Amino acid sequence: MINDVYNKLIQKKDEITKKMLLTRTEWAQNHANAIKDEWIEYCPEKPVELPVIGVDGGMWVSETRTGAVFAVDAVAVYGQGMNWELLDSMAELGFLSPGNDAKDVVSLFMEIMEMKLALRGLNGLKNVNAELVLMDGSVVKKGERSSRVRTAEGAVNLEKIESIEESDEKKAYEKALIEHRRALVDLLSFREKTIWISKKSRSAEIFGSEFPDSVILDLSTDSCGYTKPRPIRMRYLPVPMYYSFVRLRRGSKVLRVDFSGDEAFLRRVISILRSTETKGYPMQLLEAHRKARFSKADVRRLSQVLKLNLIKGPQWVPKSLK
């Protein structure tokens with residue numbers, strides 16, 4: 001009963017509030033030695049303005065009685081410094097039946113689209129020559145997916161996703177895994193131009209705490225800088241890769257950056273990203289995210305056009321319980 005919860009709130013309010021308000025100073029003290037060993041202050045006074053491409057994707061899945069309808073897209077934004085323009089995009093709509101693993105399959109489609117857009121940009125689409133391509137997310141998850149495929153030889157079709165056209169859901173997933181592997185191998189061949197940036201990271205390798213490294217760094221440091229590069233340990237990666245937590249602006253959140261190169265290369269990447277950052281995040285990647293995401297209005301419009309309220313059938317659950 002909700003009244004019982006309010007009674008508990010009166011009893012435990014101070015205790016819970018104290019735990020929630022663990023101060024930055026306490027965090028810094030708890031991890032002072034480790035922070036000193038790992039965190040390197042670095043805030044280049046003269047950021048390097050060079051053109052970059054930011055790539056991100058979006059997805060929408062809605063379950064029906066016989067499967068799942070989905071939409072997926074990806075966007076590439078090009079620019080230098082704080083300037084940006086739409087460079088390229090891809091989109092697809094389809095239906096999966098029976099749709100048992102629809103969200104997993106559709107997220108795979110989205111990642112393939114993102115990598116194909118990145119490859120088109122790296123291969124000189126519209127005569128664009130970018131210094132870096134910024135991919136949303138970590139290469140680790142992409143690599144883990146690709147490790148499920150033993151071999152994936154052959155060129156990538158950059159125009160479409162072949163697996164979406166497969167009517168059998170299981171075969172579509174198997175084809176998508178192969179396409180994913182091929183695209184990742186090709187993308188990582190541009191090892192000095194492809195950077196993977198994660199807004200959220202749950203890795204805890206640096207401090208060995210139950211809290212993610214990113215949380216400890218956010219609460220224990222404030223300056224621009226980065227952690228010492230560490231190797232990415234995975235069963236499958238075609239090239240040696242490393243990761244570092246980076247802060248582009250004093251007081252902003254740290255970002256996880258996956259890259260292939262040495263510490264000097266990482267410093268150059270930071271100098272370039274400093275010229276593009278807004279609130280601690282690269283402008284081009286932020287704009288790609290904004291253009292690729294499915295808003296609530298988009299979801300309503302798609303649902304209305306596809307008449308999903310009729311396809312899904314009557315709902316037995318009262319609205320008050322949803």
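**Reading a predicted chain: a dialogue**

Mentor: The chain holds 11 helices and 12 strands. Keep in mind that the model is predicted.

Trainee: What does the C-alpha trace span along its principal axes?

Mentor: The span is about 65 × 60 × 40 Å.

Trainee: How many of the residues are buried?

Mentor: A residue counts as buried when its relative accessible area is under 20%. Of the 322 residues in the chain, 48% are buried. The chain exposes about 17,900 Å², and carbon and sulfur atoms supply 50% of that area.

Trainee: What share of the contacts joins residues 24 or more positions apart?

Mentor: Counting contacts with a separation of 6 or more, that share is 75%.

Trainee: And the charges: how far apart are the mean positions of the positive and negative ones?

Mentor: There are 52 positive and 44 negative charges, and their mean positions are 4 Å apart.

Trainee: Let us take one element. How does the reach of helix 6 stand against the expected value?

Mentor: Helix 6 covers residues 169–188, which is 20 residues. From first C-alpha to last, helix 6 reaches 28 Å, close to the 28 Å expected at 1.5 Å a residue.

Trainee: Which residue caps the N-terminal end of helix 6?

Mentor: Asp168 does, with a side-chain oxygen 3.0 Å from the backbone nitrogen of Lys170.

Trainee: Which residues of helix 6 are buried, and what covers them?

Mentor: Among the buried residues are Tyr173, Leu177, Leu184 and Leu188. The list also includes charged residues, among them Glu169, Glu179 and Arg181. The cover includes helix 4 (102–122) and helix 5 (139–146), along with strand 4 (85–96), strand 5 (132–136) and strand 6 (194–198).

Trainee: Where does a cis peptide bond occur here?

Mentor: A cis bond joins Ser97 and Pro98, with omega about 10 degrees. Pro98 sits in the loop between strand 4 and helix 4.

Trainee: Where does Lys279 lie, and what is its phi?

Mentor: Lys279 is in the loop between strand 11 (277–278) and strand 12 (281–282). Its phi is near 55 degrees, a positive value in a residue other than glycine.

Trainee: Why does Lys279 count as exposed?

Mentor: Because its relative accessibility is 75%, and exposed means over 50%.

Trainee: Where is Lys307, and what is its phi?

Mentor: Lys307 belongs to the loop between helix 10 (296–305) and helix 11 (308–311). Lys307 is not a glycine, yet its phi is positive, about 55 degrees.

Key: Residues numbered from 1 in each chain as written. Predicted model: local features only at pLDDT ≥ 70, side-chain atom pairs only at ≥ 80, totals over all residues. Heavy atoms only, no water. Helix = DSSP H or I, 4+ residues; strand = E, 2+ residues; numbered from the N terminus. Buried < 20%, exposed > 50% of the residue type's maximum accessible area, 1.4 Å probe, protein only. Contact = heavy atoms within 4.5 Å. Areas by Shrake-Rupley, 256 points an atom, 1.4 Å probe, with all protein chains shown as cover. Charge placed at Lys NZ, Arg CZ, Asp CG, Glu CD. Expected span 1.5 Å × (residues − 1). Polar contact = N/O pair within 3.5 Å; in protein donor to acceptor, adjacent residues only side chain to side chain.
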